[in-house]
Amino acid sequence: MQVITFSDEYKPSPNDVLCFMGGGMGNTDWHDIFLDTLKAQNFRHLVVINPYNPNITSAFAQIQWEFEMLNKYIDKAFIFSMYFDKYTDQPISMYELGRASVLSKPQYVTVGCESKETTVYTRYGFPCIVTVDPRAPKAEDIKIQCGLAKVDMISGDAKVHALRVASAYTDIRHQMGI
């Protein structure tokens, strides 16, 4: 497993599955639990995009980096992972969840070509994994948002969240035929 943080270089491999690690920055204990749980799985081709970096002094730089990483890799083998902890409201995470919940649905367009119609796949679908600590300040809002967007959400801790990501990773690798 590889973890990419702000300023890290990443050279994509066709066998990689990328996982955006979204969630609270107020208390980062959950980060260690999440990463340690995934590392224990020995996933060779899992690449975790971890936005947390204590050396970033600009909120703009961090948010811009997250946005660029999501846009750059969202059309690859990709997992959007969002964990809502019990410490903060996480307004940026709420935005990212809203955006990802729309983009995570595969989209098709039917195109008419002379007397024949063809269905064209316009966006890649990807798993949108959302786990919420039952004590999260916005737990009810997140539940409503996920329900309306048809995104599966469960209550749980960081370890449960990591195991859900591990399951999605295994499914994607299976779909890739690897």
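**Exercise 1. Is Ser93 buried or exposed?**

Solution. The structure is a predicted model, in which local features need pLDDT of at least 70, side-chain atom pairs count only at pLDDT 80 or more, and totals for chains, interfaces and linings use all residues. Residues are numbered from 1 along each chain as its sequence is written, and side-chain values use heavy atoms, with hydrogens and water left out.

Step 1: Ser93 is found in helix α3, where helices (H or I, at least four residues) and strands (E, at least two) are DSSP runs numbered from the N terminus.

Step 2: apply the cut-offs. Buried means under 20% relative accessible area, exposed means over 50%, and partly exposed lies in between, with a 1.4 Å probe and protein chains only. Ser93 has a relative accessibility of 5%, and therefore counts as buried.

Step 3: look at the surroundings. When neighbours within four places in sequence are left aside, Ser93 is in contact (heavy atoms within 4.5 Å) with Gly23, Gly24, Met82 and Phe84.

**Exercise 2. Describe the protein chain as a whole.**

Solution. Step 1: list the elements. The chain has 5 helices and 8 strands, and along the sequence they follow the pattern β-β-α-β-α-β-α-β-β-β-α-β-α.

Step 1: Of the 178 residues in the protein chain, 43% are buried. Among contacts between residues at least 6 apart in sequence, 70% join residues at least 24 apart.

**Exercise 3. Which residues of helix α1 are buried, and why do they lie on the same side?**

Solution. Step 1: identify the residues. In α1, which spans residues 29–39, the buried ones are Trp30, His31, Phe34, Leu35, Thr37 and Leu38. These residues cover an arc of only 160° around the axis, which puts them on the same side of α1; the arc is that of the directions from the helix axis to the C-beta atoms.

Step 1: recall the general rule. An α-helix has 3.6 residues a turn, so residues three or four places apart point the same way.

Step 2: find the cover. What covers the buried residues of α1 includes β1 (2–4), β2 (17–23), β3 (46–49), β4 (78–84) and α5 (158–175).

**Exercise 4. Which residues lie closest to the centre of the largest pocket?**

Solution. Step 1: give its volume. The largest pocket has a volume of about 230 Å³. On a 1 Å grid over the protein atoms alone, a pocket is an open set of points with protein on both sides within 12 Å along at least five of seven lines, and lining residues have an atom within 4 Å of a point.

Step 1: name the residues. Of the 17 residues that line the largest pocket, Gly23, Met25, Glu66, Ile92 and Ser93 are the closest to its centre.

Step 2: trace the lining. At least two lining residues come from each of β2, α2 (59–73) and α3 (91–103).

**Exercise 5. Is Ser7 buried or exposed?**

Solution. Ser7 is found in the loop between β1 and β2.

Step 1: read its accessibility. Ser7 has a relative accessible area of 61%, so this residue is exposed.

Step 2: compare sequence with space. Ser7 and Trp65 are 58 residues apart in sequence, and their C-alpha atoms are 8.9 Å apart in space.

Note on methods: 1 Å grid on protein atoms, 1.4 Å probe; cavity = no way out; pocket = protein on both sides within 12 Å on 5 of 7 lines; lining within 4 Å. Points joined across faces, edges and corners; volume = space filled by probe spheres on them.
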